[in-house]
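Me: I am new to this structure and would be grateful for a close look at its aromatic rings, with some account of their surroundings.

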Amino acid sequence: MAAEAKAEAPFRFRRLAQDGKARRGEIVTPRGIIRTPAFMPVGTVATVKALYPEQVRDAGADILLGNTYHLMLRPGAERVAKLGGLHKFMRWEKPILTDSGGFQVMSLGKIRKITEEGVAFQSHLDGSRHMLSPERSIEIQCLLGADIQMQFDECIELPAERKEVERAMELSLRWAERSKRAFEAQLAAGGARPGQALFAIVQGGTDLELRRRSAEALVAMNFPGYAVGGLAVGEGHEAMIATLGETLPHLPADKPRYLMGVGTPLDLIEAVRLGVDMFDCVMPTRNGRHGYAFTWNGPLNMRNSKHAEDPAPLDALSSCPAARDYSRAYVHHLIKSGEYLGAMILSWVNTVFYQELMAAMRSAIEEGRFEAWAEETKARIIANPQAQEP
């Protein structure tokens with residue numbers, strides 16, 4: 001009976017504490033509670049690169065992200081469904097959020113064509129032709145079994161002319177309506193389960209009027225959660241934060257807010273300060289594969305020769321065993337030698353750091369000291385001269 005009750009648990013968000021605009025909350029799903037602010041490691045093709053699922057779990061992640069575009073091409077959503085869904089396929093029991101595939105297909109350039117119906121594109125793998133529409137995107141996300149799904153939208157690169165930004169925003173609103181209808185149809189037919197949720201995506205570039213129009217129209221559609229998309233795509237940190245600060249007040253205070261594809265520790269701290277609850281970014285593992293470590297005393301470029309004879313650990317303050325147990329000299333050697341273990345160690349260290357960063361923010365909000373914590377932390381981990389290493 002307990003398992004049956006858990007499977008029918010509704011999706012809901014509850015705020016537990018607030019300090020200024022920064023929020024500490026929980027997203028309740030049938031697969032478990034997501035503590036917010038939350039950072040989602042990116043498991044693009046059913047794996048967080050260079051890490052075991054157990055490492056991601058033990059780092060403190062409550063949820064990870066899967067990629068609709070990549071999984072639909074390989075191994076295929078229908079195949080994953082036959083094998084029991086994405087959770088079973090990759091041995092991850094906690095919640096999974098899937099993006100809609102919109103960002104990836106929009107970045108294909110000359111091998112895709114956008115129409116009202118959706119996006120026709122060629123696979124980057126084998127050149128095969130596909131159509132991704134709001135309905136097909138939702139179908140794929142349901143086949144994967146995602147706990148949180150995203151509406152299909154058009155994300156354009158910035159800077160762009162206002163008329164182009166407005167066109168993409170209006171198209172995304174129409175696709176939001178179709179995504180919602182498709183998700184409701186999946187629920188009625190059993191393709192989606194009670195407790196799963198569909199989030200909307202606010203678009204509009206850095207144009208505050210377009211952002212307001214997008215947010216208000218989506219709020220009127222009554223989604224369980226709202227994402228801010230189309231940022232961190234070339235506009236710069238200051239413009240991103242300014243746009244975010246003007247957009248969030250138009251979103252419901254009693255529903256989760258998700259900033260997509262962001263970002264650096266500075267981005268995360270400033271966005272939480274404004275009231276964002278969820279994030280995802282490839283930065284922890286991508287930077288790890290390129291020899292870059294995030295630590296509580298600032299970033300380290302492990303390719304730099306100054307680490308070649310340094311016996312100190314990567315980060316004595318980290319809860320990650322690799323950060324405490326391996327010397328900087330050894331990791332430098334691995335990275336310079338092109339050994340897989342170097343990328344594995346740094347991806348693990350960075351994934352733990354990002355989860356520790358979110359946990360520290362949650363504690364600071366609960367204790368009513370977020371502003372003081374933020375300024376102290378930025379001085380330690382962001383303004384460190386090592387950030388300028390070659």
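Is Tyr330 buried or exposed, or does this residue count as partly exposed?

Reply: The model is a predicted one. Tyr330 counts as partly exposed, because its relative accessibility is 32%. Its partner in an aromatic pair is Tyr326, which is likewise partly exposed, with a relative accessible area of 32%. The two rings are stacked, with 5.7 Å from centre to centre and 25 degrees between the planes.

A search of the whole structure finds 12 aromatic pairs. In one of them, the ring centres of Tyr69 and Phe121 are 5.5 Å apart and the planes stand at 50 degrees, so this pair is tilted. Tyr69 belongs to helix H3 (residues 68-73), whereas Phe121 belongs to strand E9 (residues 119-122); the pair therefore ties together parts that are 52 residues apart in sequence. Tyr69 is buried, with a relative accessible area of 2%. Phe121 is also buried, and its relative accessible area is 2%. Ring pairs also link Phe39, Tyr292, Phe294, Trp296, Phe353 and Tyr354 into a cluster.

The largest pocket has a volume of about 830 Å³. Its lining comprises 36 residues, and those closest to the centre are Phe103, Gln104, Gly261, Asp280 and Val282. Helix H6 (102-106) and helix H12 (283-289) each supply at least two residues of this lining, and H12 gives the most, with 5 residues. By class, the lining of the largest pocket divides into 14 nonpolar, 15 polar and 7 charged residues.

The second largest pocket holds about 230 Å³ of space. Among the residues that line this pocket are Phe103, Met106, Arg112 and Ile114. Here H6 and strand E8 (112-114) each supply at least two lining residues. The lining of the second largest pocket has 7 nonpolar, 1 polar and 4 charged residues.

Strand E2 (residues 22-29) pairs with E3 over 5 bridges in the antiparallel sense, and Val28 stands opposite Ile33 in E3.

Terms used
Residues numbered from 1 in each chain as written. Predicted model: local features only at pLDDT ≥ 70, side-chain atom pairs only at ≥ 80, totals over all residues. Heavy atoms only, no water. Pairing = 2+ DSSP bridges. Helix = DSSP H or I, 4+ residues; strand = E, 2+ residues; numbered from the N terminus. Phe/Tyr/Trp six-rings, centres within 6.5 Å; stacked < 30°, edge-to-face > 60°. Buried < 20%, exposed > 50% of the residue type's maximum accessible area, 1.4 Å probe, protein only. 1 Å grid on protein atoms, 1.4 Å probe; cavity = no way out; pocket = protein on both sides within 12 Å on 5 of 7 lines; lining within 4 Å. Points joined across faces, edges and corners; volume = space filled by probe spheres on them. Nonpolar A, V, L, I, M, F, W, Y, C, P; charged D, E, K, R; others polar.
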